[in-house]
Amino acid sequence: MSKPLFIKKLALLVAIEAVVGSIVVPVAADAIRVSDVTLTPIEGEEVEEGVIRPFFGASESTLVTLYRKVSFSVGFAGVAAAGDLPGWATLLRACASSVTNTPVDPGDPLVVAKTVFMPITDDTESVTIHAVIDRQLYKMSGARGNVKAQVDAKGMPKWQFEFTGAFHPVESVAQMPAVSYAKFLTPLGVNKLNTTLALDGFDAACSSFAFDFGNQVVKQDLMNVDTTEITGRSTTGSVTFRNTDVATKNWIEAARSSAKVPLLLRHGQAATNTISIAAPLAQLGKPSFSDQDGIQMITIPLRFIPSDAGNDEWSITV
């Protein structure tokens, strides 16, 4: 009888590739502290041969494309010291995001130490992913992906990632990899103490905020080509909060005119374990109503619009 493989013995390590598609061997510092992991060990398009015989029966099929996918959640949290890179920085880079890091400058106290992520269109980086389940190694190279954020009241906020990359045969390794989660903080709960959201300058009594990069991730298998590409982006989201009387804010009229307004979500208490998402042109969609504890809530879908300069529809600051 074979030994069982324990699915909770799992390590996920992710490293930026110097050359797209060229495998990098991750080290302990590349480990990602994850939850909600779903690994699709083999994915691809299947074509049936379509053989006709003098009797009924299935025809053989062949996988004509081959790749691997993995999805997982990571805590929506900041850093231990201002100017540090968050543990999830590598992941955002592989989701078509730039990173600008301003570390602490002992010689200039006026420098604000922070890290800012913004969307990019060209030269998206790729990653090698090692997913190890009880000493079974599933590699992905040339991986790129999409990410969403879910920030709900009375919950722990999370990033939700999905990556697609090249398939490599499964390997059995002698032991589980060494990991270091030093760059990851436990996210703070979403509540009045820790979280604020302003929409068009209005401080909303918000129960839920959703944010989706909206990357179009495609797997291309052609002659001499086996790549994962990000071919477009349409960032969307939604916000749910206590409805207001029209004298305070007329959200229906704002949606009717397709208003584009600033949005700022800030989560955290101090200058370190904080993270914010800002959008200067969040276009309001058609609202809907719901009931929460007998109080009327309004949900407004959002579409994040870039300026004429481009690649500026949102920014994430840690």
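Is C95 buried or exposed? C95 is buried, at a relative accessible area of 0%, where buried means under 20%, exposed over 50% and partly exposed in between (1.4 Å probe, protein chains only). C206 is partly exposed, at 27%. The count of disulfides is 0, a disulfide being a pair of cysteine sulfur atoms within 2.5 Å.

Some notes on the source. This is a predicted model, in which local features need pLDDT of at least 70 and side-chain atom pairs count only at pLDDT 80 or more, while totals for chains, interfaces and linings use all residues. Residues are numbered from 1 along each chain as its sequence is written, and side-chain values use heavy atoms, with hydrogens and water left out.

Now the salt bridges. The structure holds 12 of them, each a side-chain nitrogen of Lys or Arg within 4 Å of a carboxyl oxygen of Asp or Glu. One joins R93 and E125 at 2.7 Å, N to O. R93 lies in helix α1 (residues 89–93) and E125 in the loop between β7 (114–119) and β8 (127–133), so this pair ties together parts 32 residues apart in sequence. Helices (H or I, at least four residues) and strands (E, at least two) are DSSP runs, numbered from the N terminus.

Another bridge pairs E313 with R233, also at 2.7 Å, N to O. E313 sits in the loop between β21 (295–304) and β22 (315–317), and R233 in strand β16 (residues 225–233), 80 residues apart. E313 is buried at 3%, whereas R233 is partly exposed at 23%.

Last, R256 and E253: their closest N and O atoms are 2.5 Å apart. Both are in helix α2 (residues 251–256), about one helical turn from each other because they are 3 residues apart.
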